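Let's take a walk through this model together, beginning with a pair of helices and ending in the loops. Keep the 3D view open as you read.

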Amino acid sequence: MYVCICNAIRESDLRAAARCSRGNAEAVYARMGRAPQCRQCLDDAQDIIDQETMALEMTVS
């Protein structure tokens, strides 16, 4: 599924990037070499990033 149509970012790519980097959706996009365009995806992207962050924290604990 595409999370960001403007940048053609798939959910699986966003999850992988979130596991390798920290920050909000805009920071993760930047690490992917992209920037939000229309910004409609940021809430959903942030939810996915938060899920991955929580999963990592549970694994480490």
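This is a predicted model: local features need pLDDT of at least 70, side-chain atom pairs count only at pLDDT 80 or more; totals for chains, interfaces and linings use all residues.

The helices α1 and α3 pack with their axes 9 Å apart and at an angle of about 45 degrees. Axes here are lines fitted to C-alpha atoms, for helices over the stretch in contact, and angles run from 0 to 180 degrees between N-to-C directions. The pair α1 and α3 is therefore oblique, since angles under 35 degrees count as roughly parallel, over 145 as roughly antiparallel, 65 to 115 as roughly perpendicular and the rest as oblique.

Residues are numbered from 1 along each chain as its sequence is written, and side-chain values use heavy atoms, with hydrogens and water left out. Helices (H or I, at least four residues) and strands (E, at least two) are DSSP runs, numbered from the N terminus.

Which residues bring α1 and α3 together? From α1 come E11, L14, R15, A18 and R19, and they meet A45, I48, I49, Q51, E52 and L56 of α3. Contact means heavy atoms within 4.5 Å. Also in helix α1 is C20, which counts as exposed because its relative accessibility is 69%. For these labels, buried means under 20% relative accessible area, exposed over 50%, and partly exposed in between (1.4 Å probe, protein chains only). From C20 to T53 the C-alpha distance is 9.8 Å, although 33 residues separate the two in sequence.

Now look at the largest nonpolar core, which has 14 residues. Such a core is a set of buried Ala, Val, Leu, Ile, Met, Phe, Trp, Tyr and Cys residues joined through side-chain atoms within 4.5 Å. The residues with the most contacts inside this core are V3, L14, Y29, C41, A45 and I49. At least two core residues come from each of β1, α1 (11-20), α2 (25-31) and α3 (42-60), and α3 gives the most, with four. Leaving aside neighbours within four places in sequence, A45 is in contact with V3, L14, A25 and Y29.

L42 also belongs to helix α3, and at 13% relative accessibility it counts as buried. Not counting residues up to four places away in sequence, L42 touches A25, E26, Y29 and P36.

Finally, the loops. Is N7 buried or exposed? N7 lies in the loop between β1 (2-4) and β2 (9-10), and it counts as buried because its relative accessibility is 14%. The N7 side chain reaches the backbone oxygen of A35 at 2.8 Å. Apart from neighbours within four places in sequence, N7 is in contact with Y29, R34, A35, P36 and Q37.

In the loop between β1 and β2 you will also find A8, whose phi is positive, about 55 degrees, although A8 is not a glycine. A8 is partly exposed, with a relative accessible area of 42%. R39, in the loop between α2 and α3, has a positive phi near 70 degrees and is likewise a residue other than glycine. With a relative accessible area of 41%, R39 is partly exposed.

Conventions:
A polar contact is a pair of N or O atoms within 3.5 Å; within protein, one must be able to donate a hydrogen and the other to accept it, and residues adjacent in sequence count only if both atoms are side-chain atoms.
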